[in-house]
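Me: Got a structure open here and want to go through some side-chain and helix packing. Can you take questions as they come?

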Amino acid sequence: MTVHATHGTPVYMTADVRAIEAAAAPNPPPLMERAGLAAAEVARDVSGGTGKAVLVFAGPGNNGGDAFVVARHLKQWYFNVTVLFAGDEKKLSADAKAALGAWRKAGGAMTQALPASQQWGLVVDGIFGIGLERDVSGRYAEWIAAINGLGAPILALDLPSGLHSDTGCVMGCAIRATHTVTFIALKPGLLTLDGPDHCGEVHLRDLGLDAQDLRPAQGHLIGREVLDGLIEPRLQNSHKGDYGSVGIVGGDHGMVGAALLAARAALKSGTGRVYVGLLARDAPLLDAEQPELMLRDADAVLKLANLTCLAVGPGLGQSPDAAFYLGWALESPLPLVLDADGLNLIAMDAGLAGRLKNRKAATLLTPHPAEAARLLATTTREVQNDRLGAAIALAGNLNSFVVLKGAGSICAAPDGTWHINTSGNPGMASAGMGDVLTGMVAALLSQGVEPKAALLAAVYLHGAAADRAVASGAGPVGLTASETIEAARSLLNQR
């Protein structure tokens, strides 16, 4: 998925977009005309030139009105345009009726049946927009199946039909677009859960509106610019103590590798010193692949006075000892990163959860959907059905900065603000990736990066490193967590 937008671009829920539309409505030209023209320009650009056969699907609401405007402009630009419409004209909004009338006035016609055996240079999906709240069925489900089976480039208007604007859930079935032109602002559903698999390239057109001025945004995009100026250039006259010391606690029997992955990621993300406190009775004394790491038992690491950040959870297990060390870490005045069984233990013990919520120092949580579900006492399915709501709830309930990992990872802060990440790929569905992210977050915290900035930057860096590894031929099939560590170091040194 490619999003043509920069770091910090606002992302709005449907209700907020509706409020912006209402505030802008009195100012001509009508938003539908602006949206249709903007989409037609994108259609012209991605279709490869005039004269192509374009098939436009117009739905029963305002998304269909946008489609009529697109069709009119493309016809005026000498495209061969066919429009399918099966709605009730009497139920169209005033703007959509006007758009339909203008299409007819331009000499346009409509049909309800898909023309047979024709090659299309472009298909325009204007069936459903941000108002969809129920599963698609009947004729429109048949249309979506037909569009997906045409083998032609598809341009979706605002978002692919069948995709929920706020959650990214597929509502029964959904268009798999090649391009999506979205209006006024980005929507969460484009960016998370099923959105990245259905939107193709996302083109944002603001229609001449300053959305932030009309309604300040709570959500924003995470883009590559988040790494700019993140870490100050190193002075010649400096030493390892200037770049922080991370303590990582975890690695019970059979899970030592998780702690070592987090530690290696912290080291190669710039931390001056990394101490690894292992719970396993048969724990190694040396990481032969990374001898710079200092391996000790968990007690020794938690007693260190020179740490600047703690990370607890990779390979931690759920034993009484694990709970004891987690409780010890929760009392620390240091920034704390919690992952894996560190999160599971919190979910199992209300006392630990209370101590987490009452911490004065910053805490950063990195759950995957199943861990988030345990923390929220719900199911993984419910978390995935509202990823944004789950992340916001976790941040508020636990007084922590949270990243809910997955396609379109969501970062939420205790103050209710949130961000959605754009980097990463399916190769990251691999063991150890979460441990590596934990190490990256801890490394940035240890070097003095503010907690929120450290979380956003580490989440983006993690995905961007995987993207770079894939671009070099290392995936997505078979991509390993260790390979992302090397790619992340390279990216950090290019800033």
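Me: Where do tyrosine 325 and tryptophan 328 lie?
Reply: Both are in helix 11, 3 residues apart, which is about one turn of the helix. Keep in mind that this is a predicted model.

Me: What kind of aromatic pair do tyrosine 325 and tryptophan 328 form?
Reply: A stacked one, with 6.3 Å centre to centre and 25° between the planes.

Me: Buried or exposed, tyrosine 325?
Reply: Tyrosine 325 has 10% relative accessibility, so it counts as buried.

Me: How does helix 11 pack with helix 12?
Reply: The angle between helix 11 (residues 320–330) and helix 12 (residues 341–348) is about 90°, and their axes are 10 Å apart. The two are therefore roughly perpendicular to each other.

Me: Which residues make that contact?
Reply: Helix 11 contributes Ala322, Ala323, Leu326 and Leu330, while helix 12 contributes Gly342, Leu345 and Ile346. By class, the contact of helix 11 with helix 12 has 6 nonpolar residues, 1 polar and no charged.

Me: And helix 13 with helix 16, at what angle do they cross?
Reply: Helix 13 (residues 350–357) and helix 16 (residues 387–398) cross at roughly 85°, and their axes come within 8 Å. Helix 13 and helix 16 are therefore roughly perpendicular to each other.

Me: What is in the contact there?
Reply: Ala353, Leu356 and Lys357 come from helix 13, and Gly396, Asn397 and Leu398 from helix 16. The contact of helix 13 with helix 16 divides into 3 nonpolar, 2 polar and 1 charged.

Me: Back to rings. How many aromatic pairs does a search of the whole structure find?
Reply: It finds 7. One of them joins phenylalanine 57 and tryptophan 143, with ring centres 5.2 Å apart and planes at 70°, so that pair is edge-to-face.

Me: Which parts does that pair tie together?
Reply: Phenylalanine 57 is in strand 3 (residues 53–58) and tryptophan 143 is in helix 5 (residues 138–148), so the pair links parts 86 residues apart in sequence. Phenylalanine 57 is buried at 1% relative accessibility, and tryptophan 143 is buried as well, with a relative accessible area of 7%.

Me: Which residues form an aromatic cluster?
Reply: Phe57, Phe128, Tyr140 and Trp143 form one.

Me: Which ring does the charged end of arginine 44 sit over?
Reply: That of tryptophan 77, at 4.3 Å from the ring centre. In another case, the charged end of arginine 234 sits over the ring of tyrosine 243, 3.6 Å from its centre.

Me: Switching to serine 446. What is it in contact with, leaving aside neighbours within four places in sequence?
Reply: Tyr243, Gly244, Ser245, Val246, Thr271, Thr308 and Cys309. Serine 446 is in helix 17 (residues 433–446) and is buried, with a relative accessible area of 7%.

Me: And leucine 445, where is that found?
Reply: Leucine 445 is in helix 17 and is buried, at a relative accessible area of 6%. With neighbours within four places in sequence left aside, leucine 445 is in contact with Cys309, Pro335, Val337, Leu364, Pro451 and Ala454.

Me: How many residues apart in sequence are leucine 445 and phenylalanine 85?
Reply: They are 360 residues apart in sequence and 55 Å apart in space, C-alpha to C-alpha.

Definitions and conventions: Residues are numbered from 1 along each chain as its sequence is written. This is a predicted model: local features need pLDDT of at least 70, side-chain atom pairs count only at pLDDT 80 or more; totals for chains, interfaces and linings use all residues. Side-chain values use heavy atoms; hydrogens and water are left out. Axes are lines fitted to C-alpha atoms, for helices over the stretch in contact, and angles run from 0 to 180 degrees between N-to-C directions. Helices (H or I, at least four residues) and strands (E, at least two) are DSSP runs, numbered from the N terminus. Angles under 35 degrees count as roughly parallel, over 145 as roughly antiparallel, 65 to 115 as roughly perpendicular and the rest as oblique. Contact means heavy atoms within 4.5 Å. Ala, Val, Leu, Ile, Met, Phe, Trp, Tyr, Cys and Pro count as nonpolar, Asp, Glu, Lys and Arg as charged, and the others, Gly among them, as polar. Rings of Phe, Tyr and Trp (its six-membered ring) pair if their centres lie within 6.5 Å; planes under 30 degrees apart count as stacked, over 60 as edge-to-face and the rest as tilted. Buried means under 20% relative accessible area, exposed over 50%, partly exposed in between (1.4 Å probe, protein chains only). A charge sits over a ring if NZ of Lys or CZ of Arg is within 6 Å of the ring centre and within 35 degrees of the ring normal.
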